[in-house]
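Keep the sequence and the view of the structure at hand while reading.

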Amino acid sequence: MDMRQMQRRGKAAGWLSVAILLFFGWCAIWIYRTMLTPIYDEIQATTQAQSAASMGMISSVYFFGYVAMQIPGGILMDKFGIRKILVPGMCLFNAGVLIVGFAQGIGVVYAGSLLAGLGSGAYYSGAFTLSTRLIPAARKSFLTAFINSGCAVGMILGLCASTFAVKSCGMDWHYLAFGLFALTLVWIAFFARALEGPGQALGKGGPGFRFADVRPLLGRSQLASYFYYFCTCYGYYMISTWLPSFLLNERAFQGTLAGYCSTVVAIVSIPTAMLFGKVIDRTASHRTAYLVALQALAAISLALLASCRQQVVILLLLAIYAICGKQVIDAMIVQHVTRDLQPTQLSTGLGVFNFFGMSASIIAPSLTGALSDATGTLATGFVVAAALMLASTAIFKAVNRKGENQNA
């Protein structure tokens, strides 16, 4: 083996190890996001929380911190470098998880969740800036989909682990947080070490954010992408929050079956996202067409779910949504958004993009609940989500009507 082959293999091992670690980072974040939701009764008994609304605030506080850090986190990474912001940020996330592990009152749980949200707030822009810069173009979409599938894996692990350990085995829920803290601590050590190799240059930072840099982030194409992704996330977080209740109370699913059906979206989306990533790497010029078709089909599946009452058909529609929804779209829309950004503003641009998208995680659950209170059915929320997704698809297609051929 000559020196050039050794160098190529060394570089491949570097960016591949970073991709694998980014996958596990998303796993850790999503385990925390989902592990508490099935055991709210146990947490409420321990913390003397007085209402269901006070339990729902755990998630709201986390996402408030997460969304608030999107743009500042991106700006800081462009200025000081990814390693100098992302690693301390995940340490802050882990500190929040540890605080939740020691919590005996609901206020302490809120404080830990807020820290966890703030700490993980820069992870999105940092992770996808790393993947955009380090991964070869021929494998970018596939490995971006692989990295993002850590979200689905983390969701499954968080839901199943907490349900089994606490509900079935009677484990104290605090130990879930302690276990996640230990796993994340190991991940941080490996991740910091990995960035000393291929990510070393990314730790130097750049000239920093200037207000003159705002214009490229607010062009027609970017704004259309922000609205498109907001609506994608709106449908996803509406489903994530309200689907079990909808199936249980309005479609006569049994309790355990309703819970398992809620994981269908995550399970089906993992292989589908990676398959689409492989296809996109070979046909990048058709990315816009894929994004339009996927969002439209996902919207139609949600609209049909609102009126469907046959359980088998409902499962089929959920599978269709999983094939076309957020987890599959993520890898494609990231590549679409970053194509027009300068290397020195990648993290800032991705932070702005995800700020708009993740705003839906705050709006969708509460708005869907309010619509249900007003109309007497959660089906209204599905219809509203579908309408928003179709509207965003039409706008996205109109703005990008010239297609990808000029930008591929």
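The largest cavity holds about 70 Å³ of space in this predicted model. Its lining is made up of 13 residues, and those nearest the centre are Trp26, Tyr66, Tyr124, Lys326 and Met358. Helices α1, α8, α10, α15 (326-338) and α16 (346-375) each supply at least two residues of this lining. The most comes from α1, which gives 3 residues. Sorted by class, the lining of the largest cavity has 8 nonpolar, 2 polar and 3 charged residues.

A search of the whole structure finds 2 cavities of 30 Å³ or more. The second largest cavity has about 30 Å³ of space. Around this second largest cavity stand Ala145, Asn148, Ser149, Ala152, Ser269, Ile270, Ala273 and Gln327. Both α8 and α12 (264-282) supply at least two residues of the lining, and α8 has the largest share with 4 residues. Here the classes are 4 nonpolar and 4 polar, with no charged residues.

Next comes an open space. The second largest pocket has a volume of about 320 Å³. It is lined by 16 residues, and closest to the centre are Ala28, Ile31, Leu180, Leu183 and Thr184. The elements that give two or more residues to this lining are α1 (3-35), α8 (140-168) and α9 (174-194). Of these, α9 provides the largest share, 8 residues. The lining of the second largest pocket has 14 nonpolar residues, 2 polar ones and no charged ones.

The aromatic rings are the next topic. How many aromatic pairs does the structure hold? There are 27 of them.

Another pair is that of Phe246 and Phe382. Their ring centres are 4.6 Å apart and their planes stand at 40 degrees, so the pair is tilted. This pair links distant parts of the chain, since Phe246 belongs to helix α10 (residues 220-250) and Phe382 to helix α17 (residues 379-399), 136 residues apart. Phe246 and Phe382 are both buried.

Rings also gather in a cluster. One aromatic cluster is formed by Trp26, Tyr123, Tyr124, Phe128, Trp187, Phe191, Tyr226, Tyr229, Phe353, Phe355 and Phe356. Trp26 and Tyr124, both in this cluster, are also among the residues nearest the centre of the largest cavity.

Tyr66, another residue nearest the centre of that cavity, has a charged neighbour over its ring: the charged end of Arg33 sits 4.5 Å from the ring centre. A further case is Lys79, which lies over the face of Phe80 at 5.5 Å from the ring centre.

Is Thr232 buried or exposed? Its relative accessible area is 2%, so Thr232 is buried. Thr232 is placed in helix α10, the helix that also holds Phe246. Leaving aside residues up to four places away in sequence, Thr232 touches Gln295, Tyr321, Lys326 and Ile329.

How values were computed: Residues are numbered from 1 along each chain as its sequence is written. This is a predicted model: local features need pLDDT of at least 70, side-chain atom pairs count only at pLDDT 80 or more; totals for chains, interfaces and linings use all residues. Side-chain values use heavy atoms; hydrogens and water are left out. On a 1 Å grid over the protein atoms alone, a cavity is a set of points where a 1.4 Å probe fits but cannot get out, and a pocket is an open set with protein on both sides within 12 Å along at least five of seven lines; lining residues have an atom within 4 Å of a point. Grid points are joined across faces, edges and corners, and a volume is the space filled by probe spheres set on the points. Ala, Val, Leu, Ile, Met, Phe, Trp, Tyr, Cys and Pro count as nonpolar, Asp, Glu, Lys and Arg as charged, and the others, Gly among them, as polar. Rings of Phe, Tyr and Trp (its six-membered ring) pair if their centres lie within 6.5 Å; planes under 30 degrees apart count as stacked, over 60 as edge-to-face and the rest as tilted. Buried means under 20% relative accessible area, exposed over 50%, partly exposed in between (1.4 Å probe, protein chains only). A charge sits over a ring if NZ of Lys or CZ of Arg is within 6 Å of the ring centre and within 35 degrees of the ring normal. Contact means heavy atoms within 4.5 Å.
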